[in-house]
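Work through the exercises below with the sequence and the 3D structure open. Each task is followed by a solution in steps.

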Amino acid sequence: MMTLKVNGREHQVDADPDTPLLYVLRDDIKLNAAKFGCGLGQCGSCAVIVDGKAILSCITPMVLLEGKQVTTLEGLGSVSEPAPIQRAFIEEQAAQCGYCIPGMMMRAQALLLKNSKPTDAEIRAALEQHLCRCGTHMRILRAVRRAARLMEAADASSTTNRSAQ
Amino acid sequence: MLIVGVAMAFAIVWRPVIPAIDPPAPYAFDAALIKRGRDLAAIGNCNECHTVRGGKNFAGGLPVPTPFGTIYSSNITPDAETGIGQWSEAAFRRAMRDGVNRKGEHLYPTFPYDHFTHVSDEDDRALYAFLMTRQPVHAPSRENQISFPLNQRPVIAGWKLLFLRRDSYQPDATRSAEWNRGAYLVAGLAHCGACHTPRNALGAERVNAQFAGGDVDNWLAYALNDRSHAPVPWDADALYMYLRSGWHPDHGTARGPMAQVVSNLSSVPDSDVRAIAVYMADISGTPTPDRKQEGEAALAQARSPSQASQTDTAGATIYVGACASCHETSRPLPYGGVNLALSTAVSSPDPRNLANVVLSGVSAVEGERSPIMPGFADSMNDAQMAALLNYLRARFSKQPAWTGVEKTVADARRAVTVYLQTSAGPRNAPADPTQRDKP
Ligand code: FES
Ligand code: FES
């Protein structure tokens, strides 16, 4: 038994320490946003955030997650209350089949956490290891740019709110 | 006496200005000559140092860290003001041969004129034609960060006196034409020894340790002579394939600074790559029966079924969860991972290269098919990565355990970030350059 912290909640999971995080998320905790694409760290569809950084969950064994905070797409927002990154992807209609999108969003989220105004080159570099078989790349780029603006606006309004109080 | 001394010093240090010319028009050069120059520039790997990541080709500005300070590469585009636009062919040849710029200043030997001095007049002419027909880029050179007294260029004249052997290549009549061609390229333009030969305290290659392995950009440039740590000994065919395609099933994939080298070599005439391979195979020598046997053993280990799950250390667990799905499958290279029993990185005397590649992976080449590997910098801390590296060493090599692996990983983490930001890249080599430009 091992304790895994996902989206702020603790889960007791019974998995071998060499089990990839992706299997535990999908099979044990039933969080299905992260997708199995290749299982080899080559496509990016399984990306989640661990302690603020995007990692590929299909090649991250449980032994590496002791004491870490895992965030999946479900932890960012919901259908009724989408997070800025999710809103931006919806508003840009950036998904075709959608299989790659959770991974893309998690990688973009991790990028925006440490760099709130990324250049196009920085966005491309961050998403470089993510494949999209449908070819929605241009919309994905637009969505990430939009998310950066949304987050900035949210930050700005929360600071004004605070200073108004 | 004093006067004689002064006169001698003057003769050693002083070099005349070579008069400026108007940049020659591109059509002043013969197309076949330019094409040959292009191939030679690829063999010389000129773009690696003279281009920064995302920057204009050959416009210089790459910081080259040396034990003596940081030296910035120069702009070798034909821009009149900031490049070599005003250089005559004679000025270019003098720089190659003697390490002196048009104005008569001594150049730092980061520019490997200790090798380029052996390049023939004919090849210098082709290189000149190629460079003078590139797009001129206005990019002023950056100030080197070197402290006194090494920032005084006349000091370099002293270095040359000690270490620069200005002789042209003398063919060895007892060897084949191919071998001689390889020897000429390796000693001169390809400047393999600049990375693969260790340097002395004054930064010169140690003549009696040729190809015994050196350092470059926080990578270890492997020994290529009989001290090679490749689990399977190299031969000419394997070297040819590796230099041509960037990988070999018994040795793995080129990465780090070597990725750029093979990426360049993938576009030069076959015969030149073959010649380099033939000559270098001779340098590495015929393996002893023991060495051969070890090679067979490594190949056998690579073919045998995985033992990974039978151990339960942290390193083994990480290996099974993070590495084995690519490195222990039957998927062939270059898209599958090399079995680590065949990896020189795992068998080499220090763990730097392994740390570098596990941290940053091998990224895709834009627009081309290429092997890739994800980096693990964000999913493992230094201790976890050290546990993994120690496990790999124990399981996949016949060499004694490394020491201080955790510190190596921490250092590599810092260095790799800088390398990835500045190096001109690619950090990988295309898998099949023959597919280039095909629809
Ligand atoms: S499923 Fe993890 S990278 Fe493809
Ligand atoms: S939207 Fe289908 S894979 Fe990206």
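**Exercise 1. Describe the open sheet of chain A: which order do the strands take, and which stand at the edges?**

Step 1. In this predicted model, five strands of chain A form an open sheet with mixed pairing, in the order β2-β1-β5-β3-β4. Strands (E, at least two residues) and helices (H or I, at least four) are DSSP runs numbered from the N terminus, and two strands pair if DSSP finds at least two bridges between them.

Step 2. β2 (9-13) and β4 (53-56) of chain A each have a single partner strand, so they stand at the edges and one side of each is left without a neighbour in the sheet.

Step 3. Direction ignored, neighbouring strands of this sheet are turned by 40° against each other on average.

The conventions are these: residues are numbered from 1 along each chain as its sequence is written, and chains are lettered from A and ligands numbered from 1 in the order in which they are written. Local features need pLDDT of at least 70 and side-chain atom pairs count only at pLDDT 80 or more, while totals for chains, interfaces and linings use all residues; side-chain values use heavy atoms, with hydrogens and water left out.

**Exercise 2. State how β3 of chain A pairs with β5 and with β4 of chain A.**

Step 1. β3(A) (residues 47-50) and β5(A) (residues 69-71) are antiparallel and share two bridges. I49(A) has T71(A) as its bridge partner in β5(A).

Step 2. β3(A) and β4(A) also run antiparallel, joined by four bridges. Here A47(A) is partnered by L56(A) of β4(A).

Step 3. Two residues lie between β3(A) and β4(A) in a hairpin, and D51(A) in the turn has a positive phi of about 45°.

**Exercise 3. Describe the packing of α2 of chain A on α3 of chain A.**

Step 1. The axes of α2(A) (residues 84-91) and α3(A) are 10 Å apart, at an angle of about 130°. The two helices are therefore oblique to each other (under 35 degrees is roughly parallel, over 145 roughly antiparallel, 65 to 115 roughly perpendicular, the rest oblique).

Step 2. The contact is made by I85(A), Q86(A) and F89(A) of α2(A) and by I101(A), M104(A), M105(A), A108(A), Q109(A) and L112(A) of α3(A).

Step 3. By class, this contact has seven nonpolar, two polar and no charged residues. Ala, Val, Leu, Ile, Met, Phe, Trp, Tyr, Cys and Pro count as nonpolar, Asp, Glu, Lys and Arg as charged, and the others, Gly among them, as polar.

Step 4. In the loop between α2 and α3 of chain A is Q93(A), which has a positive phi of about 50° although it is not a glycine.

**Exercise 4. Locate the cis peptide bonds that join F148(B) to P149(B) and L333(B) to P334(B).**

Step 1. The bond between F148(B) and P149(B) has an omega of about 0°. P149(B) is in the loop between β3 (145-146) and α7 (154-163) of chain B.

Step 2. The bond between L333(B) and P334(B) has an omega of about 5°. P334(B) is in the loop between α14 (314-327) and α15 (344-347) of chain B.

Methods. Axes fitted to C-alpha atoms, helices over the stretch in contact; angles between N-to-C directions. Contact = heavy atoms within 4.5 Å.
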